[in-house]
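Me: I would like to go through this model slowly, one question at a time. Please give the cut-offs behind each term when it first comes up.

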Amino acid sequence: MGDGFVFLEIVIFAMIAAFLVYRLRSVLGRRTGEEQQRPNPFTSRPSASDNVVQMPGRDRPAAPAPAPDEPVSLAAALAQIKSADPSFDEKYFLQGARGAFQMIVEAFAKGDTAALRPLLSDEVYENFARAVRERQTAGETLETRIENITDADVVEARLDGRTALVTVKFVSEQVNAVRNSAGEVVDGDPNAAVEATDIWTFARNTRARDPNWSLVETRTTH
């Protein structure tokens, strides 16, 4: 009787185990060896069948970045300025530079520091204003007349952070004469025009709302 009861328990437990195995297989599925392994998101690479979009330009090798001391071509520098300030146009900039050149030269000759102030950087203004004061102290007057600006070309350009700097070479025909307090000519010739070459650098903050450029450096070649 006892042995029969034990045997019956074994049969019941075997039936329960068989039922559980069947249920697990119905839920998880059977492995046949042909199932695809789930990809590891940290190590897997997309296959050819994945929806991969090639980024523009990625199929071409990237251009090497210029070395810190490697000079940038004028065209590339102007392109950088144009990128930082889409309103920049070399043609219209040169037109404005010609006008500024004539205004600054004439205002300096007249000693009109009020007209010079908005056109110059602080450092350049201080140099111009000092020269005007020294001339006035000496009792001298400067006569300058620009007969013609024969040439104006951009010769240098660079983008320094937000600041665009453009250097222009001006070739002009000018009449220059310095007179002392007695009105006598002590330098130059009021009746003869001479060719002068000036190299001026203008600067502007490309993020500023003010569209005007300031003169930040002057050089003269003889």
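Me: At its relative accessibility, does Phe 93 count as buried or exposed?
Reply: This is a predicted model, in which local features need pLDDT of at least 70 and side-chain atom pairs count only at pLDDT 80 or more, whereas totals for chains, interfaces and linings use all residues. Residues are numbered from 1 along each chain as its sequence is written, and side-chain values rest on heavy atoms, with hydrogens and water left out. A residue is called buried under 20% relative accessible area, exposed over 50%, and partly exposed in between (1.4 Å probe, protein chains only). Since the relative accessibility of Phe 93 is 9%, this residue counts as buried.

Me: How many aromatic pairs does the structure hold, and of what kind is the pair of Phe 93 and Phe 202?
Reply: Rings of Phe, Tyr and Trp (its six-membered ring) pair if their centres lie within 6.5 Å, and planes under 30 degrees apart count as stacked, over 60 as edge-to-face and the rest as tilted. The structure holds 10 aromatic pairs. For Phe 93 and Phe 202 the ring centres are 6.1 Å apart and the planes stand at 85°, so this pair is edge-to-face.

Me: Which parts does the pair of Phe 93 and Phe 202 tie together, and how far apart in sequence are they?
Reply: Helices (H or I, at least four residues) and strands (E, at least two) are DSSP runs, numbered from the N terminus. Phe 202, buried at 3% relative accessibility, is a residue of strand 4, while Phe 93 belongs to helix 3. The pair therefore ties together helix 3 and strand 4, parts that are apart in sequence by 109 residues.

Me: Of what kind is the pair of Phe 101 and Trp 200, and in which elements do they lie?
Reply: Their ring centres are 4.7 Å apart with the planes at 55°, so the pair is tilted. Phe 101 is buried with a relative accessible area of 0%, and Trp 200 is buried with 4%. Both residues also belong to one aromatic cluster, which includes Phe 88, Phe 170 and Trp 213. Because Phe 101 and Trp 200 tie together parts 99 residues apart in sequence, the elements to name are helix 3 and strand 4.

Me: How far apart are the closest N and O atoms of Arg 204 and Asp 85, and how many residues in sequence separate the parts they tie together?
Reply: A salt bridge is a side-chain nitrogen of Lys or Arg within 4 Å of a carboxyl oxygen of Asp or Glu, and the structure holds 6 of them. In the one between Arg 204 and Asp 85 the closest N and O atoms are 2.8 Å apart. Arg 204 lies in strand 4 (residues 194-205) and Asp 85 in the loop between helix 2 (74-84) and helix 3 (90-110), so the parts tied together are separated in sequence by 119 residues.

Me: Is Asp 122, which meets Arg 117 in a salt bridge, buried or exposed?
Reply: The side chains of Asp 122 and Arg 117 meet at 2.5 Å, N to O. Arg 117 counts as partly exposed at 32% relative accessibility, whereas Asp 122, with a relative accessible area of 51%, is exposed.

Me: How many bridges join strand 1 to strand 2, and how many join strand 2 to strand 4?
Reply: Two strands pair if DSSP finds at least two bridges between them. Strand 1 (residues 141-160) and strand 2 run antiparallel, and they form a hairpin with 2 residues between them, where Gly 161 in the turn has a positive phi of about 65°. Strand 2 and strand 4 also run antiparallel, with Thr 201 as the bridge partner of Thr 167. The bridges number 17 for strand 1 with strand 2, and for strand 2 with strand 4 they number 12.

Me: With which side chain does the side chain of Ser 172 make a polar contact?
Reply: Ser 172 has its place in strand 2, where 12 of the 17 residues are buried, and Ser 172 is itself buried with a relative accessible area of 0%. A polar contact is a pair of N or O atoms within 3.5 Å; within protein, one must be able to donate a hydrogen and the other to accept it, and residues adjacent in sequence count only if both atoms are side-chain atoms. At 2.9 Å, the partner side chain is that of Gln 174.
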